[in-house]
Amino acid sequence: MLSNLRIKNDDNVTILTGAGISAESRIRTFRDGNGLWNEHRVEDVATPEGFRKNPELVWKFYKARYKQLSEVEPNPGHYALVELEKKCNDDFCLITQNVDNLHKLAGSKNVIEMHGTLVNCYCSNCRSYYSMSEIDMELPIPLCEHCNGRLRPNIVWFNEIPYELDKIHDVLSKTSILIVVGTSGQVYPAAQFLYYVKRNGGYTIGVNLEFTHDSSVYNEFHKGKSGVILPELINQITQI
Ligand code: OAD
């Protein structure tokens, strides 16, 4: 038995996911041995300053990540969270730091992509949005049809403010069960959600391939692959 917890009718369930949930879909994480930040400097490809300095390099990085999306699929961890949402109805929110669209592709509905998404981009001048599928991938720096400004990936970079923080705050303040999956807990504000929910009396569950700096803070911590742990865990905690 993984967990003795049973979700009740009046529970509000929130999930926070990070790169680890997509690792079994063959998407690279950021800080593990083979992580993206071992090969690329954050300052170069994930900051507004990096984009100003070398937009071509930034586009090369995100175009490669966008192209990879057509080769990958959600894994059992993503699908387990879809099942959990169905059982919780409206009392459920999935907050993800991932930009790979795999939660939505799996069928999750109430998703907050707090770090943006790879599937679109916007003009850094007039803020017109474009689907990445309509962008000419051969262009080194795609430009806006309306004002000729530089398009940029719709990714929240370091030194930028994550999306939907007001909504996230509302969600967290009524959360009674928080499940955090596949994140190293190194990036703020997401790293604080665990502490916030715990302080409000919520029950917290961590799932990660490795122990993390905050593993001991959780009420329950499950070490292993999320694609293996989540289906079993969710099956158990949703039993009546
Ligand atoms: P990290 O790369 O920092 O952490 C990934 C976590 O996933 C690690 O703790 C791994 O142990 C764990 N992990 C790996 N494989 C797993 C598996 N199969 N099952 C469960 N856990 C597994 O990625 P994040 O914490 O998501 O931000 O990073 C947070 C943010 O930092 C990202 O959203 C990104 C990055 O810079 C931006 O780009 C703005």
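**Salt bridges, ligand shell and backbone features**

Glu49 is partly exposed in this predicted model, since its relative accessibility of 37% falls between the 20% and 50% limits. The side chain of Glu49 forms a salt bridge with Arg52, and the closest N and O atoms of the pair are 3.7 Å apart. Both residues belong to helix H3, which spans residues 48-53. Glu49 and Arg52 are three residues apart, or about one turn of that helix. Arg52 has a relative accessibility of 58% and therefore counts as exposed.

A further salt bridge links Glu83 and Lys86, with 3.2 Å between the closest N and O atoms. These two residues lie in helix H5 (residues 76-88), and because they are three residues apart, about one helical turn separates them. Glu83 is partly exposed at 38% relative accessibility, whereas Lys86, with a relative accessible area of 54%, is exposed. In the salt bridge between Lys8 and Asp11, the N to O distance is 3.7 Å. Lys8 is exposed at 51% relative accessibility. Asp11 has a relative accessible area of 8%, which is under the 20% limit, so Asp11 is buried. The count of salt bridges comes to seven.

A polar backbone atom of Leu209 lies 3.2 Å from a nitrogen atom of the ligand. On its own the ligand has 800 Å² of accessible area, and the protein covers 96% of it.

Most peptide bonds are trans, and most residues other than glycine have a negative phi. The peptide bond from Tyr188 to Pro189 is cis, with omega near 10°. Pro189 is located in the loop that connects strand E7 (177-181) to helix H8 (193-199).

Asn89, which is not a glycine, has a positive phi of about 55°. Asn89 is placed in the loop between H5 and strand E2 (92-96), and is exposed, with a relative accessible area of 55%. A positive phi, about 75°, is likewise found at Asn159, again not a glycine. The loop that holds Asn159 runs between strand E6 (151-155) and helix H7 (165-173). Asn159 has a relative accessible area of 66% and so counts as exposed.

Leu2 is part of the segment before strand E1 (13-17). The relative accessible area of Leu2 is 29%, so this residue is partly exposed. Along the chain, Leu2 and His222 are 220 residues apart, while 7.9 Å separates their C-alpha atoms.

Note on methods:
Residues are numbered from 1 along each chain as its sequence is written. This is a predicted model: local features need pLDDT of at least 70, side-chain atom pairs count only at pLDDT 80 or more; totals for chains, interfaces and linings use all residues. Side-chain values use heavy atoms; hydrogens and water are left out. A polar contact is a pair of N or O atoms within 3.5 Å; within protein, one must be able to donate a hydrogen and the other to accept it, and residues adjacent in sequence count only if both atoms are side-chain atoms. Accessible areas come from the Shrake-Rupley method with a 1.4 Å probe; for residues, only the protein chains shown count as cover. A salt bridge is a side-chain nitrogen of Lys or Arg within 4 Å of a carboxyl oxygen of Asp or Glu. Buried means under 20% relative accessible area, exposed over 50%, partly exposed in between (1.4 Å probe, protein chains only). Helices (H or I, at least four residues) and strands (E, at least two) are DSSP runs, numbered from the N terminus.
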